[in-house]
Each structure stands twice: as C-alpha cells, then as structure tokens.
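Visitor: I would like to learn how to read the features of a model like this one, taking each idea in general before its case here. Could you guide me through it?

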Amino acid sequence: ETGEMLDFAIQGEGFFRVMTPNGERYTRDGRFSRDLDGNLVTIDGYKVLDESGSEINLPDGDVTVASDGTIQVEGVDAGKIGIASFLNPATELSRDLPNTFAANSAPNGEEVGTIEQGYLEMSNANSADLMTQMVAVARAYEAAQSMVQNQDELLSRTISTLGKYT
C-alpha cells in the first residue's frame with residue numbers, strides 16, 4: 001500500500017496498456033503520474049492507454065479509479081484504464097523495454113483482473129530467501145577456494161619431496 005492516488009496494482013492476470021516509442025506494450029508496473037500536458041504516464045514516461053487505445057488525459061484534481069479501471073477526476077468521468085490479458089503470458093509476451101513486454105500475438109484473455117488504487121504490485125522475489133541463498137553460495141565458494149589452496153599446497157609438497165630424490 002502506498003496511498004498515492006496514481007499508484008495502481010492489478011489483482012489478476014491483466015497488464016496495463018502503454019504506448020512506447022516501439023509501439024504498444026504491456027506492463028504490470030503501476031507507478032503512474034501526470035506529465036506536463038496532463039497525460040497519465042508510467043515512471044518511464046510512456047503514455048498509459050485507455051480501453052480503446054487512446055492516451056488518457058487527466059485534468060487537475062483528485063483522481064479516483066474504480067476496480068474496473070474507470071477514472072474520475074473530481075467526480076467527472078475521465079476515461080477507463082486499458083487492461084489487456086493473455087491466455088499464456090509466458091509464451092505470448094517477450095521482455096522488451098525496462099518494465100514492459102511486447103506481445104507476440106493480440107491480447108486474447110478473458111480474465112483481466114481488477115485495479116486497486118493506492119497500491120503497487122510487490123516484487124515476486126523474496127529478499128530473505130535471496131539473502132540466504134547468497135550466504136550459502138559465498139560459503140560454498142570459500143570452501144571450494146580452501147580446497148584448491150590445500151590441493152596446491154599438497155602438490156607443492158609432493159614436487160618438493162620428489163625433487164629431493166632425483
């Protein structure tokens with residue numbers, strides 16, 4: 001929970017539709033803001049698209065967004081956030097720009113999910129697990145390094161001993 005009126009999280013399988021220099025792309029990153037022209041944009045400056053593929057322009061004022069993506073500014077309708085979904089995102093989307101995906105086929109999913117205003121999607125990485133794994137890898141590296149040093153010392157002693165008998 002962020003409490004910011006232009007932060008949005010999607011509960012479900014959908015992706016926000018955005019316009020990039022490479023064309024329409026899809027993202028789960030809901031950190032949005034208004035640009036100088038009043039357009040709703042991503043943190044990277046890409047314009048957020050509505051359900052018809054048009055840019056969303058927000059007049060000044062308090063923004064509220066319903067769970068279906070309908071936007072109101074000071075109680076007046078200002079559009080509806082475009083959400084796309086895919087039957088199999090793992091095969092139908094490929095990573096494109098930072099935080100965006102390019103579609104290999106047109107969106108075809110039925111389940112788009114709902115929008116939660118004032119929230120952001122959490123990372124799917126568990127920092128405690130990652131730290132534990134990093135410590136385990138560091139210890140394994142130290143053990144391997146110690147083995148190599150012991151092997152080197154043993155080889156050095158063997159060569160030194162063999163040199164005495166020749």
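Visitor: How many salt bridges does a search of the whole structure find?

Guide: A salt bridge is a side-chain nitrogen of Lys or Arg within 4 Å of a carboxyl oxygen of Asp or Glu, and a search of the whole structure finds eight of them. This is a predicted model, in which local features need pLDDT of at least 70 and side-chain atom pairs count only at pLDDT 80 or more, whereas totals for chains, interfaces and linings use all residues. Residues are numbered from 1 along each chain as its sequence is written, and side-chain values use heavy atoms, with hydrogens and water left out.

Visitor: Where in the chain do Lys80 and Asp68 lie?

Guide: Helices (H or I, at least four residues) and strands (E, at least two) are DSSP runs, numbered from the N terminus. The side chains of Lys80 and Asp68 form a salt bridge of 3.9 Å, N to O. Lys80 is in strand β9 (residues 76–80) and Asp68 in the loop between β7 (63–65) and β8 (70–73), so the pair ties together parts that are twelve residues apart in sequence. Through shared partners, salt bridges join Glu51, Asp68 and Lys80 into one network.

Visitor: Which residues have the most contacts inside the largest nonpolar core?

Guide: In soluble globular proteins, nonpolar side chains tend to be buried together. A nonpolar core is a set of buried Ala, Val, Leu, Ile, Met, Phe, Trp, Tyr and Cys residues joined through side-chain atoms within 4.5 Å. The largest one here has 18 residues, and those with the most contacts inside it are Phe8, Leu58, Ile71 and Ile81. Strands β1 (8–11), β2 (15–20), β7 and β8 each supply at least two residues of this core. Another core, of six residues, lies apart from it and has Phe15, Tyr26, Ala84 and Leu93 among its members.

Visitor: What does Ile71 touch beyond its neighbours within four places in sequence?

Guide: Contact means heavy atoms within 4.5 Å, and leaving those neighbours aside, the residues in contact with Ile71 include Ile56, Leu58, Val63, Val76 and Ile81.

Visitor: How should I read the predictor's confidence in the chain?

Guide: The predictor's confidence in each residue is its pLDDT, from 0 to 100. The chain has a mean pLDDT of 86, and 96% of its residues reach 70 or more.

Terms used
Buried means under 20% relative accessible area, exposed over 50%, partly exposed in between (1.4 Å probe, protein chains only).
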